[in-house]
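Please read the following walk through a protein fold with the sequence and the coordinates side by side.

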Amino acid sequence: MSDSARTELVAVDIGGTHARFAIASVDDRGQITLGEPVTLHTSEHGSFQLAWQAFRERMGGSLPPAVSIAIAGPVGGDVIRFTNNPWIIRPALIREKLGVEHYTVVNDFAAVAYAVALAGEDQFLHLAGPEGPLPASGTLSVLGPGTGLGVAHLWRNGLPHGQGGFYHVQATEGGHIDYAPLDLIEDAVLARLRKRHNRVSVERVVSGPAIVDIYHTLAAMQNRAVHELSDVEIWTAGTDQSDPLAAAAVDRFCLSLGSAAGDYALAHGAGGVVIAGGLGYRIRETILSSGFSERFRAKGRFASLMAQIPVKLITHPQPGLYGAAAAYVREHVQ
């Protein structure tokens, strides 16, 4: 294959805590190859442009003249503001500020849904529901907890690529719908959160930082005094079982994740669900041993319907970067 048949771009995945960069290469068949990713902390860079410059320096001072940016938040409008970090991006200035000729901007979980659309069956881990592959046609709900809770959905027509195969990705802000507790413990979590928030959304309970409120709620219910720990410390102590209270908080988190996943499947009319994100992958064994599956199915009169829906975890190491590149290919190459 000649170099002229290959497209190179910078794929970027920006969340609340991290900004990930990688050089993506696309061949003449649309196959995407990612280079080694570079992860920067958003708190250590005053703007996206400064983070871009830091990445460019790591790459020897030059980058391909194209970029696809996956953003944790709504991407419409003249000014893009992030949900969980203070950066802003003005799309009209991307070419000038970054020195690129072409760009794509996509919601971060829309990017993950693009990755789901292209991933092979060997890149999914079964979590719940019937064994076997995800349905080839219809809607898939895609969600993942991180600094916030990302949600998107994917529709595909079931035909192979090159034979009329088509898919459509829809970004959403589903992580911001109202939270619905299901038992007394979750009532207590909600009561704690309502002291700080007039309105409590799902991502206040189903996201990485939410483990702190879950942990303190469980401690208060046991009249137990605990030290102030960061979310990272609680996740670590919970997943390695070194702190029983933290382990109980992680297990409770998995229940809430199962409930939310089932709600999105019902709302989207989904025939399958995919959990994504680094946090989901890190706690995959805990999800499998928790009550996630039972909570996913616990939808009253629709329990039998929910039992027919497969739930998978995407194991691709960088679905946001891969999906950002795929979104660029859809817009500029294919």
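Strand E9 (residues 124-128) and strand E14 run antiparallel and are joined by 4 bridges, where two strands are said to pair if DSSP finds at least two bridges between them, and where helices (H or I, at least four residues) and strands (E, at least two) are DSSP runs numbered from the N terminus. This is a predicted model, in which local features need pLDDT of at least 70 and side-chain atom pairs count only at pLDDT 80 or more, while totals for chains, interfaces and linings use all residues. Residues are numbered from 1 along each chain as its sequence is written, and side-chain values use heavy atoms, with hydrogens and water left out.

The helices come next. In helix H4 (residues 184-194), the buried residues are Glu 186, Val 189, Leu 190 and Leu 193. Seen down the axis of H4, these buried residues fall within an arc of 95°, so they line one face of the helix; the arc is that of the directions from the helix axis to the C-beta atoms. The buried residues of H4 pack against helix H5 (211-221), helix H7 (244-268) and helix H10 (292-297), contact being defined as heavy atoms within 4.5 Å.

How many of the 11 residues of H5 are buried? H5 is mostly covered, and 9 of its 11 residues are buried, among them Ile 211, Tyr 215, His 216 and Leu 218. The cover over the buried residues of H5 includes H4, helix H6 (231-239) and H7. Just after H5, Asn 223 takes a positive phi of about 50°. In the loop between H4 and H5 lies Ser 201, which is buried with a relative accessible area of 5%. Leaving aside neighbours within four places in sequence, Ser 201 is in contact with Gly 175, His 176, Ile 177, Asp 178 and Tyr 179.

In soluble globular proteins, nonpolar side chains tend to be buried together. The largest nonpolar core has 45 residues, and those with the most contacts inside this core are Leu 143, Phe 253, Val 273, Ile 275 and Phe 292; a nonpolar core is a set of buried Ala, Val, Leu, Ile, Met, Phe, Trp, Tyr and Cys residues joined through side-chain atoms within 4.5 Å. H7 contributes the largest share of this core, 11 residues. A second, separate core of 38 residues includes Leu 9, Ile 32, Ala 113 and Ala 276.

The structure holds 7 aromatic pairs, in which rings of Phe, Tyr and Trp (its six-membered ring) have centres within 6.5 Å, and planes under 30 degrees apart count as stacked, over 60 as edge-to-face and the rest as tilted. The rings of Phe 48 and Trp 52 have centres 6.2 Å apart and planes at 65°, so this pair is edge-to-face. Phe 48 and Trp 52 both lie in helix H1 (residues 48-58), 4 residues apart, about one turn of the helix, and both are buried. By contrast, Trp 155 and Phe 166 form a tilted pair, with 6.4 Å from centre to centre and 55° between the planes. Trp 155 counts as partly exposed at 38% relative accessibility, and Phe 166 counts as partly exposed at 43%. Ring pairs also link Phe 21, Phe 48, Trp 52, Phe 55 and Trp 87 into a cluster.

Two loop residues complete the tour. Gln 318, in the loop between E14 and helix H12 (319-333), counts as buried at 16% relative accessibility. Gly 35, in the loop between strand E3 (32-34) and strand E4 (38-41), counts as partly exposed at 31% relative accessibility.

Methods. Buried means under 20% relative accessible area, exposed over 50%, partly exposed in between (1.4 Å probe, protein chains only).
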